[in-house]
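I am opening the notebook on this entry and will write down what I looked up, in the order in which I looked. The sequence and the structure come first.

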Amino acid sequence: MRISCVGAGPAGLYFAIVMKRRNPNHEIVVHERNPAGTTHGWGVVFWDDLLTTLRNNDPDSAQAIADEAVPWSGQVVDVEGQPPLHNGGGGYGICRRRLLQILIERARALGVDVRFESEISELSQVADADLIVAADGVASQLRRHRADRFRPQIEAGRNKYIWLATTQRFPSFTFGFVPTSAGWVWFHAYSFKEGVSTFIVECAPETWKGLGLGTMRADAGLRTLESIFAKHLDGHELISRDSHDNRLPWLSFRTLVNRTWHADNLVLIGDAAHTTHFTIGSGTRLAIDDAIALAAALSEHDSLPGALDAFERRRHRALARVQRDARLSAEWFENLPRYIRYNAPTFFTLLLARRSRLLKRMPARTYLYLRGHYTKLTGRAASPLARIGRRAFPFGSKASRGIFRAEPGTPRR
Ligand SMILES: Cc1cc2nc3c(=O)[nH]c(=O)nc-3n(C[C@H](O)[C@H](O)[C@H](O)COP(=O)(O)OP(=O)(O)OC[C@H]3O[C@@H](n4cnc5c(N)ncnc54)[C@H](O)[C@@H]3O)c2cc1C
């Protein structure tokens, strides 16, 4: 099969790897518009389950990824003026650029033709392919060519965020919340390689405007954030890789859903098909799961339409639930003032429960009361409350009710 894969992110590269491993005779070209070694973002987190999946699908790249990954242990919530709190658990961080290098080297070793500075904006550029895999991210150009079939809908989140790095070490996954004259500003941080941590800053748009973060020059913006988070950074700098017109790249997270993921011989995978808010740290994992599922479906079915149908059936359903959780998590941070007035232990409990529909729909105190009673009565942790919430509120969140606006357009809020 001749396959053109557009986008050398985790989705496109991993698909090329698993496809070649299944059948070395496939001719696979991966087109990447950027030069080699450039990418957006810093480190991403993942958990053991991803390493298991990688080992089952390509032990070589799994080992290289495991060797590069930096473990973090526990979660810390630090609300200014209250003692920081810790929780158990743990996972890994990895430099996104290094992850992609590993996948590129592995794909090339298997015979995949990875081409940089090769932008594909028209389907005619890859017309000789039997299968075109659009792994070109949330702003996919290929998706637009079949927008009438995919029916993409994008909703921009309310909060502003920026993906930065710092040389400060964060050995635990750390959430830090700091009040300012214009409202709360907070960060999510974790180490992802020796001496470097991801540092994502988020705040409400009113706070962002009130502090002038959108209009400051890049240097001034970084210095302002450093002074807000001085206690946490302890003299370490914040680093931004990219700036546009000397402005920091602040964004609003875009949640994308598509009615369908394939049209003729064009199929969407990864962020081109769906996005999940960064506060659940799953986009890379989901992109890799798509890649594996697509390669499996192509091997299991004789006809291309049959394979693409099977792929979509398998993954579309799985994604609906994760996207709902991600939207709830994003909304929790958008409604921070509802929760941050509680003391630190209660706030932490609410933070950990941020994917609950029930919590979204009732006063936090009522939620905690029900949760406490549930635990007392059953002796079990309260997670099934989420299921009760689903039954009690069958129409779900805005995301699952499909109240998205069509792409392109302006944010609804
Ligand atoms: C702030 C933030 C933090 C995140 N943290 C995590 C985390 O901790 N854990 C996690 O699992 N996920 C995380 N994610 C999500 C994760 O980064 C994405 O879900 C993942 O990168 C999706 O992979 P992809 O291959 O589908 O798309 P991408 O990684 O976006 O790759 C798409 C590629 O396509 C290329 N491309 C685009 N258009 C064209 C074209 N026309 N021609 C050729 N090439 C093109 C792009 O240059 C890019 O290289 C985070 C996201 C954000 C925004």
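Before placing any residue, I note that helices (H or I, at least four residues) and strands (E, at least two) are DSSP runs, numbered from the N terminus. The model is a predicted one, in which local features need pLDDT of at least 70 and side-chain atom pairs count only at pLDDT 80 or more, while totals for chains, interfaces and linings use all residues. Residues are numbered from 1 along each chain as its sequence is written, and side-chain values use heavy atoms, with hydrogens and water left out.

**Entry 1: His277**

I looked up where His277 sits, and found it in the loop between strand 16 (266-268) and helix 10 (283-300). Is His277 buried or exposed? With buried meaning under 20% relative accessible area, exposed over 50% and partly exposed in between (1.4 Å probe, protein chains only), His277 counts as buried because its relative accessibility is 6%. Its side chain makes a polar contact of 2.7 Å with that of Thr279; such a contact is a pair of N or O atoms within 3.5 Å, where within protein one must be able to donate a hydrogen and the other to accept it, and residues adjacent in sequence count only if both atoms are side-chain atoms. Taking contact as heavy atoms within 4.5 Å, and not counting residues up to four places away in sequence, I list Glu202, Phe253, Ala326 and Ala330 as touched by His277.

I then checked the annotation: the unreviewed UniProt entry places the feature "domain: FAD-binding" at residues 253-323. UniProt positions are given in the numbering used here, feature names are shortened, and annotations may be inferred rather than shown by experiment. Over residues 253-323 the chain is 54% helix and 13% strand, with the end C-alpha atoms 13 Å apart.

**Entry 2**

Counting two strands as paired if DSSP finds at least two bridges between them, I read an open sheet of six strands in the order 6-2-1-7-16-15, with mixed pairing. Its edge strands are strand 6 (113-115) and strand 15 (262-263), each of which pairs on one side only. Strand 2 (residues 27-31) pairs with strand 6 in the parallel sense over three bridges, and Val29 has Asp113 as its bridge partner in strand 6. Helix 1 (residues 10-22) packs on this sheet and touches strand 1 (2-6), strand 2, strand 6 and strand 7 (131-134), its direction making about 170° with that of strand 2 (axes are lines fitted to C-alpha atoms, for helices over the stretch in contact, and angles run from 0 to 180 degrees between N-to-C directions).

Strand 3 runs antiparallel to strand 5 and is joined to it by four bridges, with Val45 opposite Gly93.

Why is strand 4 (residues 70-79) called largely enclosed? Seven of its ten residues are buried, so the rest of the structure largely encloses strand 4. Strand 4 pairs with strand 5 (residues 85-95) in the antiparallel sense over seven bridges, Val76 having His86 as its partner. Their hairpin has five residues between the strands, and there Gly81 takes a positive phi near 90°. With strand 10 (residues 173-180), strand 4 pairs in the parallel sense over five bridges.
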